[in-house]
Each structure stands twice: as structure tokens, then as C-alpha cells.
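Work through the exercises below with the model in view. Try each task before reading its solution.

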Amino acid sequence: MSEAPLLLVQDLKKTFVAHRGWPIPKRTEVRALDGVSFEVGRGEVLGVVGESGCGKSTVARVALRLQPSDGGSVTFDGADVHMASRREMRAMRRRMQMIFQDPASSLDGRQRIIDALGEPLRVHGIARGAAVRPAVERLLDEVGLPRTALDRYPHEFSGGQRQRIGIARALSLSPDLIFADEPVSALDVSVQAQILMLLERLRRDRGLAFVFISHDLGVVRHFCDRVVVMYLGRVVESGPTAQVFAEPLHPYTRLLKESSPEPDPTRTITMNFQEGEPPSPVSPPTGCHFHPRCRLATERCRTERPALRDLSPGRTVSCHLA
Ligand code: SF4
């Protein structure tokens, strides 16, 4: 990547504290992010892939400062996100938006669509008064919804239509970067394909960058330029999507590939490892977190954490044997 990245995440850390147990609850720490680094270029789509609990959704929330970090940094267009003043953060939020797996979580069920989509326009001074309605109509056109949707409520739409409304809301402030957190995983396969085509078109037409978070390798392979593979709060491999899937270097990525033999964007792929479920992030294994499931594990893997090493430009892997 020659020019400065739009988003730079460096050594990001996040630990959650819970109190569990009975009768005396015990303080428990869950290290959701354990030194995560990656970058996203302008107009680039970066896939973040991994099983449930690997920290991929936490990356988005911490990068957007919806949650504080415990270390590391997030830089957006040259500015430190976690050091920004409230005013600076407000300007940055306008340029960094989020699409959720469940679009209902970003929509108020009592608000008509004109109000749900018009609100950010009004709050940020993009459109006021009579200008709001035509601005919202243009957003609906862009995401392929009829203008009659304006006066209806979220519950009157299908899941795919609600996701289009969520995308329209994210677009309303003309962002440069969208975090899409499992945006199609709750949808039927045919609807998934339609939403992905919409995101492709928006990316092309608007020059948008995405951080595309998914457990679904078929979707990531189809949609993303580069991919970051996460396992229990750490990045274990990254690189151009075509290279990573043609020649995965980390044993975990190989398992992901084995579970996704066909590059078919219309297939939903479930990671069904014979090697067992991921260990609990509450008490992750020592050394390489992946060693209990790794066919190649050695004694060294059980005690020594493998560093994330650069193998070639843009290609990294964290494995003693790679
Ligand atoms: Fe497997 Fe060892 Fe590599 Fe971890 S470091 S992925 S346990 S070979």
C-alpha cells in the first residue's frame, strides 16, 4: 500500500472483566483483543474472518470508539481516534459508519423511515426542512427501495429490506469507511447475494472502503481485497484474499479453507471442524492459542507465542512452522 492508509490499527488490546460463579463471584478477565494490527486503504475492502468469540466484532466497536481500548492505537486518516476531542470525534464518526447483522438494532421501531434516515441528515446539518424528504428519497433509490417506503415503519419490511434501510442510514452521511459486521449472515442465501451485489455497487460508485466482518469464508473470498484471519483475539494470518485462499500458511486458515471448498458467494459456509471447538477466551491455551486443535503442534507451540511475521509484502503469518 503506497499512500497512507485510511485506517491504521496498531497493537490494539481490549480486555473485558466479568464476575462469575456462585456463591462468591470471581473476577474473570476475557482478553478479546490481544495486540491486533491491520490497515485499510482508501476504497479497499478488508475482510476480518474467524469463529464466534475471536474478537472480530470487538475490533469494530473499539476502532469506532464505541468502547474504550486498553492499549494500542487506531488512526483514521492520520488522526488518533482514541485521543480525539468530542468535536473531532463527531466529525470522524460521520466518515466512519457501521452496518449491523441485525439492522433493527440501529432502527427505532416507532420511527418511520423518513425520520430514521432524515435524523442523521438533520443532526449533521446536511439537509433541513423541505430538503430532507428528497435527500431521503435519493438514499432509498440508491439502495433499491421504493420511495413509498418513506412513510412506513421498520416492522413492515422483510429482513433484506431492513438491511437496505440500515445501509441507507450508514450512507446518509457520505462516509469513507463502513464497518459491516456480519451484514448478510441473518439473511436467506438469495437475499445475501442481492445485498452483496448492492455493497459491491456502492463500493464502486462511491469509492467506499469496508471492514467486512464475517464468519463466512465464501462471502469474504468473494467480496474482499485482503483478509485478516483472527483466532482468540489475535491475528494469525493476513494477506491478499486470493493469495491467502490459494496458499493458506497458518494451519487455522487451512482448516477454514477445508470447510469452504467452493468459491461460491451464494453458499453459506459453516465452520465445522473435526478438530474441536475453539477454547474459551476466558482461559486461552498457553503459547500458540491454536495448539490444542493443531495437527502440527510441537512442544514449543505449547509454551511460546509465535510472533506475527512479515513473509512478503502484505503477507503475514503467526506460526512457528510457517
Ligand atoms: Fe500449529 Fe504450532 Fe503453528 Fe500454532 S505455532 S499453528 S500450534 S504449528
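**Exercise 1: α4 and α6**

Leu139, Glu142 and Val143 of α4 meet Leu198, Arg201, Leu202 and Arg206 of α6. Contact here means heavy atoms within 4.5 Å. This is a predicted model, where local features need pLDDT of at least 70, side-chain atom pairs count only at pLDDT 80 or more, and totals for chains, interfaces and linings use all residues. Residues are numbered from 1 along each chain as its sequence is written, and side-chain values use heavy atoms, with hydrogens and water left out.

Task: Describe how α4 and α6 pack, then sort their contact by class.

Solution.
1. Helix α6 covers residues 189-206.
2. The angle between α4 and α6 is about 120°, and their axes are 10 Å apart.
3. α4 is therefore oblique to α6.
4. Their contact has four nonpolar, no polar and three charged residues.

**Exercise 2: α3 and α4**

Task: Find the angle between α3 and α4, and name the residues in contact.

Solution.
1. Locate α3 at residues 113-123 and α4 at residues 132-143.
2. They pack at about 110°, with axes 9 Å apart.
3. So α3 and α4 are roughly perpendicular to each other.
4. α3 contributes Ile113, Ile114, Leu117, Gly118, Leu121 and Arg122, while α4 contributes Val132, Arg133, Ala135, Val136 and Leu140.
5. By class, this contact has eight nonpolar, one polar and two charged residues.

**Exercise 3: the ligand**

Task: Which residues surround the ligand?

Solution.
1. The surrounding residues are His250, Pro251, Cys288, Phe290, His291, Cys294, Ala297, Cys301, Pro306, Cys319, His320 and Leu321, each with a heavy atom within 4 Å of the ligand.
2. This shell divides into nine nonpolar, three polar and no charged residues.

Notes. Axes are lines fitted to C-alpha atoms, for helices over the stretch in contact, and angles run from 0 to 180 degrees between N-to-C directions. Helices (H or I, at least four residues) and strands (E, at least two) are DSSP runs, numbered from the N terminus. Angles under 35 degrees count as roughly parallel, over 145 as roughly antiparallel, 65 to 115 as roughly perpendicular and the rest as oblique. Ala, Val, Leu, Ile, Met, Phe, Trp, Tyr, Cys and Pro count as nonpolar, Asp, Glu, Lys and Arg as charged, and the others, Gly among them, as polar.
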